[in-house]
Amino acid sequence: TWKRRHELKMYVCVTSTTPLRAYTYTVTGTFAQAQIDDANPVDPCSIDTHGNRVQRELGCQINNTFSSHYSFDDFSKYVEITESEKQKFLTATNQLIGKVLLRAQPKIQNHTINKGIATSGAACFSFLRVDFAMTEAIEPYIYEINEFPFANTKGHLGDVQRKAYRELFQMIGLDQVPIVSSERSKYEMDHLGGWSPVVIDDVLINK
């Protein structure tokens, strides 16, 4: 169980570990389904859980108004941040994700499978979802990073995820003659679609 007033989600793909190349795709938002009571944080009704089964059994008030996923534009309007604050937050989120991946890079590179991929020159990718929050200071706070998240999500989030997959396959040239490793970085940058680069060839993108 965990207490979350809201949760933002951003898709991430890693198309190479040696050198590191990573991209992000669209933020979506959802709000806590259970009533949160700051005065009594240990109250079971103050904890948001998947499906709220425990809360329903206890007769807690369930806030179904905000149980659906929203676009980041809609989320931003609800929390009343300006366009400038929104863009600053998105930039900070990309920077944070890029820094996390760069910090983890040595361990990722040394994994037996990734070593084999780098040596063989094979084209592979990892599809991730970062779950995070917006602090009162309008800064990102990462909850967790999920690898290959559930692919049958419905509603707005599912639509975004399916589009992210399609544009990822186009970006890495899955429908093309195999691209040699030395040319993949340029090909990806020329076919981004809705993906935004955060780390390209071991360099953090500052925008």
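This report describes a helix, a hairpin and some aromatic pairs in a predicted model.

## Helix α5

Helix α5 covers residues 155–171. Just after α5, Gly173 has a positive phi of about 70 degrees.

Buried residues of α5 include Leu157, Val160, Ala164, Tyr165, Leu168 and Met171. Gly158 also lies in this helix. Its relative accessibility is 2%, under the 20% cut-off, so Gly158 counts as buried. The C-alpha atom of Gly158 is separated by 9.3 Å from that of His69, although the two residues are 89 apart along the chain.

## The β4–β5 hairpin

Strand β4 (residues 126–134) pairs with strand β5 (residues 140–147) in the antiparallel sense, over 7 bridges. Arg129 stands opposite Asn146 in β5. The two strands, β4 and β5, form a hairpin with 5 residues between them. In the turn, Ile138 has a positive phi of about 60 degrees.

## Aromatic pairs

The structure holds 10 aromatic pairs. In one of them, the ring centres of Tyr11 and Phe127 are 5.3 Å apart and the planes are at 25 degrees, so the pair is stacked. This pair links distant parts of the chain, with Tyr11 in strand β1 and Phe127 in strand β4, 116 residues apart. Both Tyr11 and Phe127 are buried.

The rings of Phe72 and Phe75 are also stacked, because their centres are 6.2 Å apart and their planes at 15 degrees. Both residues lie in helix α2 (residues 72–79), about one turn apart, and both Phe72 and Phe75 are buried.

One aromatic cluster is formed by Tyr11, Tyr25, Phe125, Phe127, Tyr165, Phe169 and Trp195.

Note on methods:
Residues are numbered from 1 along each chain as its sequence is written. This is a predicted model: local features need pLDDT of at least 70, side-chain atom pairs count only at pLDDT 80 or more; totals for chains, interfaces and linings use all residues. Side-chain values use heavy atoms; hydrogens and water are left out. Helices (H or I, at least four residues) and strands (E, at least two) are DSSP runs, numbered from the N terminus. The expected span of a helix is 1.5 Å times one less than its number of residues. Buried means under 20% relative accessible area, exposed over 50%, partly exposed in between (1.4 Å probe, protein chains only). Two strands pair if DSSP finds at least two bridges between them. Rings of Phe, Tyr and Trp (its six-membered ring) pair if their centres lie within 6.5 Å; planes under 30 degrees apart count as stacked, over 60 as edge-to-face and the rest as tilted.
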